[in-house]
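Here is a friendly walk through one chain, written to be read with the model open beside you. Have a look at the fold, then follow the text from helix to helix.

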Amino acid sequence: MLLHVTSLPGPYGCGDLGEAARHFVDWLVAGGQSLWQVLPLGCIGLGNSPYMSSSAFAGNLLLIDLAELQQRGWLQPHDLEQAPDNSRAVDYETVIPWRMRRLALAADRFALLATPAEQADLEQFCQVQQAWLDDFALFMVLAEAAAGQDWCDWPQMLARRDPAALAQAAIRHAPRVAFWKFCQWCFFRQWNRLKAYASDRGVRMIGDLPIFIAQQSADVWAHTELFQLDAHGRPTVVAGVPPDSFSATGQRWGNPLYRWPSHAQDGYRWWVERFRHTCAMVDIVRVDHFRGFESCWEIAADEPTAERGRWVQAPGDALFAAATQALGHLPIIAEDLGLITPEVEHLRRQHQFPGMRVLQFAWGPEAVGEPRFLPHNHQPDSVVYGGTHDNDTTLGWWQSAPEEIRHQLREYLACDGMDVGWDLIRTACASVADMAVHTMQDVLRLSGEHRMNRPGVGTGNWSWRFSWDQVRPGDAQRLRRMAELYGRLPASVEYK
């Protein structure tokens with residue numbers, strides 16, 4: 001099941017790592033499902049996107065379970081009153097300040113009330129994660145002090161990371177630095193508990209690793225030598241994709257592109273550590289924009305759209321070889337969508353990464369020259385989806401599709417299209433692909449107004465939530481029956 005954590009029900013403005021997440025795991029088990037796929041778990045960035053994080057390593061503070069902090073005595077019941085009412089969609093403008101104030105209260109009370117064991121656990125976490133945590137915490141504090149100003153425009157000594165200036169800033173802002181470290185400790189402690197809960201019940205977590213990092217991030221600030229930046233720290237070229245079926249002008253993401261020779265010089269250490277960190281968090285990693293590891297679309301930083309750019313070579317083979325040598329075989333799903341060349345396909349197969357097959361792409365304009373999405377062309381080394389977080393819901397896609405496409409699908413699947421979301425769920429289950437992933441929106445038969453993201457549109461995304469009253473009593477049983485019918489029911493596990 002594909003469902004981001006923010007989309008879960010819950011009383012505090014957005015889904016989090018609390019009771020609703022564990023209840024969702026239980027529902028997956030009842031439905032015979034053994035995979036839960038989430039979007040990137042890092043801090044959100046521009047447009048509230050989880051793909052524009054301020055860190056390649058840090059967790060999203062909005063996902064912290066406030067109820068658990070109350071149970072520990074770091075929040076009082078009255079602290080959680082008057083929460084934003086965002087039961088159907090996340091209103092980030094109200095949720096972010098409300099949750100951040102509660103986290104600040106919790107950090108203050110932790111400093112006063114924490115037991116020696118809790119203090120020792122936090123200290124150990126900070127030591128183990130020091131390689132990224134110190135830079136991240138100081139970066140977030142300095143970004144707050146600069147009121148959102150790009151780090152390139154900070155005082156020169158801070159922007160250029162003068163050691164003496166950084167040491168002085170760390171001392172001056174010590175309480176707030178401690179706050180950010182406390183929050184990361186809370187996030188990872190709660191995430192690990194949720195992952196263990198899922199694992200004990202036979203549910204594996206699929207995470208999502210964006211290929212690029214936001215310019216306004218601790219990683220770019222701390223490792224300028226790894227990115228194509230000018231003397232002032234601003235990108236000279238940025239990432240995106242050329243015009244496609246999603247956007248006539250392409251997608252200009254704006255992330256700085258990597259300076260690959262610098263990565264090669266130290267054996268791709270930053271990437272190895274990023275894979276190590278992510279693989280410790282989840283069981284399987286969906287690598288976003290996999291084709292960018294073979295070659296990526298380079299756009300001059302002053303270009304307003306992605307229409308004018310060029311493909312430049314990337315060292316995917318050497319990078320994955322270095323990571324494999326350090327970590328063993330990587331449990332990666334390659335997001336091989338878009339313009340996929342034989343070279344990209346070779347890279348995927350060479351490293352034995354399953355690719356993606358999206359059923360909505362099997363019919364209509366996207367299918368021209370792309371027969372691989374049609375179910376009879378699927379292969380075992382793949383993961384099949386009805387649609388992804390970037391697609392419309394299947395019902396929304398169906399309602400907006402021309403009659404010609406509807407006719408093709410009805411004829412191919414021998415169905416009437418009256419329950420098209422579940423038609424594609426059944427088709428995915430029947431595929432020979434090793435894994436089948438369904439969106440929660442399709443299980444709930446939701447229309448296009450409930451989609452998660454519209455690529456190329458900068459606002460209004462990432463906010464969808466569901467509630468348990470939308471779930472029909474027979475949905476889990478129907479999923480279990482399909483998993484059983486098509487040989488996808490997981491082996492029974494011993495509950496711990």
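A crossing of two helices is left-handed if the near helix is turned anticlockwise from the far one by less than a right angle, and right-handed if it is turned clockwise. Helices (H or I, at least four residues) and strands (E, at least two) are DSSP runs, numbered from the N terminus. This is a predicted model, in which local features need pLDDT of at least 70 and side-chain atom pairs count only at pLDDT 80 or more, while totals for chains, interfaces and linings use all residues. Residues are numbered from 1 along each chain as its sequence is written, and side-chain values use heavy atoms, with hydrogens and water left out.

**The chain as a whole**

The secondary structure comes to 18 helices and 11 strands. The radius of gyration of the chain is 23 Å, close to the 23 Å from the globule rule for 496 residues, so the chain is as compact as a globular protein of that length. That radius is taken over C-alpha atoms, and the rule is 2.2 Å times the number of residues to the power 0.38. Along its principal axes, the C-alpha trace spans about 70 × 55 × 40 Å. Of the 496 residues, 59% count as buried; buried means under 20% relative accessible area, exposed over 50%, and partly exposed in between (1.4 Å probe, protein chains only). A contact means heavy atoms within 4.5 Å. Among contacts with a separation of 6 or more, 73% join residues 24 or more positions apart.

**Helices α5 and α8**

Start with α5 (residues 130–145) and α8 (residues 174–200), which pack at an angle of about 125 degrees with their axes 9 Å apart. Axes are lines fitted to C-alpha atoms, for helices over the stretch in contact, and angles run from 0 to 180 degrees between N-to-C directions. Angles under 35 degrees count as roughly parallel, over 145 as roughly antiparallel, 65 to 115 as roughly perpendicular and the rest as oblique. α5 and α8 are therefore oblique to each other, and their crossing is right-handed. On the α5 side, the contact includes Trp 132, Phe 136, Met 140 and Glu 144, and these face a set in α8 that includes Arg 176, Trp 180, Lys 181 and Phe 188. By class, this contact has 10 nonpolar, 1 polar and 4 charged residues. Here Ala, Val, Leu, Ile, Met, Phe, Trp, Tyr, Cys and Pro count as nonpolar, Asp, Glu, Lys and Arg as charged, and the others, Gly among them, as polar.

**Helices α16 and α18**

The axes of α16 (residues 420–430) and α18 (residues 475–485) come within 9 Å and cross at roughly 30 degrees. That makes α16 roughly parallel to α18, and the crossing is again right-handed. From α16, Trp 422, Ile 425, Arg 426 and Cys 429 meet Asp 475, Arg 478, Leu 479, Met 482 and Leu 485 of α18. Their contact divides into 6 nonpolar, no polar and 3 charged residues.

How many residues of α16 are buried? The count is 9 of the 11, so α16 is largely enclosed by the rest of the structure. Trp 422, Ile 425 and Cys 429 are among those buried residues. Their cover includes β10 (382–385), α14 (394–400), α15 (403–413), β11 (435–437), α17 (440–443) and α18.

Gln 82 has a positive phi of about 55 degrees although it is not a glycine, and it lies in the loop between α2 (66–71) and α3. His 289 also has a positive phi of about 55 degrees without being a glycine, in the loop between β5 (284–287) and β6 (295–300).

| Residue | Relative accessibility | Class |
|---|---|---|
| Gln 82 | 77% | exposed |
| His 289 | 7% | buried |
| Pro 97 | 32% | partly exposed |
| Arg 102 | 14% | buried |
| Gly 250 | 6% | buried |

Leaving aside neighbours within four places in sequence, Arg 102 is in contact with Leu 66, Leu 75, Asp 79, Leu 80 and Glu 81. Gly 250 belongs to the loop between β3 (237–241) and β4 (251–256). With the neighbours within four places again set aside, Gly 250 touches Val 241, Pro 242, Pro 243 and Ala 306. Gly 250 and Thr 305 are 55 residues apart in sequence and 6.8 Å apart in space, C-alpha to C-alpha.
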